[in-house]
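Hi everyone, thanks for making time this morning. Let me put the structure up, and then we can walk through it together.

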Amino acid sequence: MSSSPSVPENAATRLFTSLKHPDVVRSARGSVPVLGGPTGLGTSAARALTAVREEAVGSVPEIGDPERQIKGLRCPPALRDDRALADRVNERLVDWAENEIDLYDDAGMREKLLAFDPGRSVMLCHPDAVTFEHLVAAGMLLVGENAVDDYFCEEEYGGSPDGLGARLAVAQAAIDPAHMPPGYARQYEQALGEHPALRAMRSAMDHFERIATPAQAQRYRHDVANLYLGYNAEGACVQTGRVPSVWEYLVQRQFNNFRPCLTITDSVGGYELPAHVYALPDVQKATALAGNATTILNDLYSLRKEMATERLHYNLPIVIADEEGYDIHMAFQKAIDVHNELVDAFEALAAPLAATDPVLARYLAGLSNWLGGNHEWHSGLVGTRYAVEP
Ligand SMILES: CC(C)=CCC/C(C)=C(\C)COP(=O)(O)OP(=O)(O)O
Ligand SMILES: [Mg+2]
């Protein structure tokens, strides 16, 4: 059964409401809208996008606990918080992971998944999700992506940098079918069915393809291939014990990035940013800036957890400390500045871009929503998974 989640009234939802033009807001399976030049809607979209940060805090004051947030971090506010909706999504995801995927073979699977709280992540990051099923599809991808990380990259479930590239190529083939003669194809099919992370990604992709157009599904595959390129870069650093320079780390982190989660915003919202608009250099730049900001935010919130491990700590403050000779506290402050510069650059670019095209305005607001939602999700896990100080 599906139902439309409630979305609080604020700057971003006014933006979405103002964009409900029949030519631009269609079901994800509908035809691609033809885009015109700048419109009156576009101009108001740009104003509303800029206003998301300034106005929405006032209209949704109950979201976010300053005590759990990193001081000095500038980020758009989350636009809604609906624990009951998050729980419903979690329930579906746990049922899927336990009964369809058999995701983790240890006894604590349910607790592990609930502690990770993927339902709250997608509820917060996609306040304009068009139906409950769209949120579930986003949640399955999130769980699958983390399963690949757990099983193939991290040590907890046998992951390691050794041989990582070969395993990630097969992981990509779980969402991007390989084509070969039938005799070999049977072995490939069997391999996909035998590994929990591969089963998860394949099933999640099936669900996603029900809410996405072929171009949106292909966008996702491309972003995940880049994610795996980034996992390989991290694996190489861990394997050789080499701390990259700051610029090189930022290059690697642009691939090893939350980007695949952000760029499904239109699919989850039930509309499509056309491929030729998505491909524009400034749209790519805005998307990268948003993805980089929200990924560096993860570095800040997860620093303490990551410093507690034995392996090389792949994290911006660590890299800054190594390059600049700072102590970790100074490096943490500098990494906050990097995050804030990325957010500012995203917003400075997004506002004029939004004025050019109402569908693009909605997509950019969706990226902004993801930044705010992801910040709230991370700070909500402070005390369990994350911390506010190094
Ligand atoms: C969900 C997804 C697409 C993740 C890809 C990128 C990624 C693994 C992160 C941005 C988070 O990195 P990290 O491994 O540091 O995660 P935790 O800090 O352990 O949550
Ligand atoms: Mg981290």
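This is a predicted model: local features need pLDDT of at least 70, side-chain atom pairs count only at pLDDT 80 or more; totals for chains, interfaces and linings use all residues.

Residues are numbered from 1 along each chain as its sequence is written, chains are lettered from A and ligands numbered from 1 in the order in which they are written, and side-chain values use heavy atoms, with hydrogens and water left out.

So, how many salt bridges does the structure hold? There are 19, counting a side-chain nitrogen of Lys or Arg within 4 Å of a carboxyl oxygen of Asp or Glu.

One of them joins Arg219 to Asp266, with the closest N and O atoms 2.8 Å apart. Arg219 sits in helix α10 and Asp266 in helix α13, 47 residues apart (helices are DSSP runs of H or I, at least four residues, numbered from the N terminus). Are these two buried or exposed? Arg219 is buried at 8% relative accessible area, and Asp266 is buried at 0% (buried is under 20%, exposed over 50%, partly exposed in between, with a 1.4 Å probe and protein chains only).

Helix α10 also carries Asp223, which pairs with Arg259 in helix α12, at 3.0 Å from N to O. Both Asp223 and Arg259 are buried.

Now compare Arg74 and Asp344, whose closest N and O atoms are 2.4 Å apart. Here Arg74 is partly exposed at 34%, and Asp344 is partly exposed at 31%.

Back to α10: its axis comes within 9 Å of that of α9, crossing at roughly 145 degrees (axes are lines fitted to C-alpha atoms, for helices over the stretch in contact, with angles from 0 to 180 degrees between N-to-C directions).

Definitions and conventions: Helices (H or I, at least four residues) and strands (E, at least two) are DSSP runs, numbered from the N terminus.
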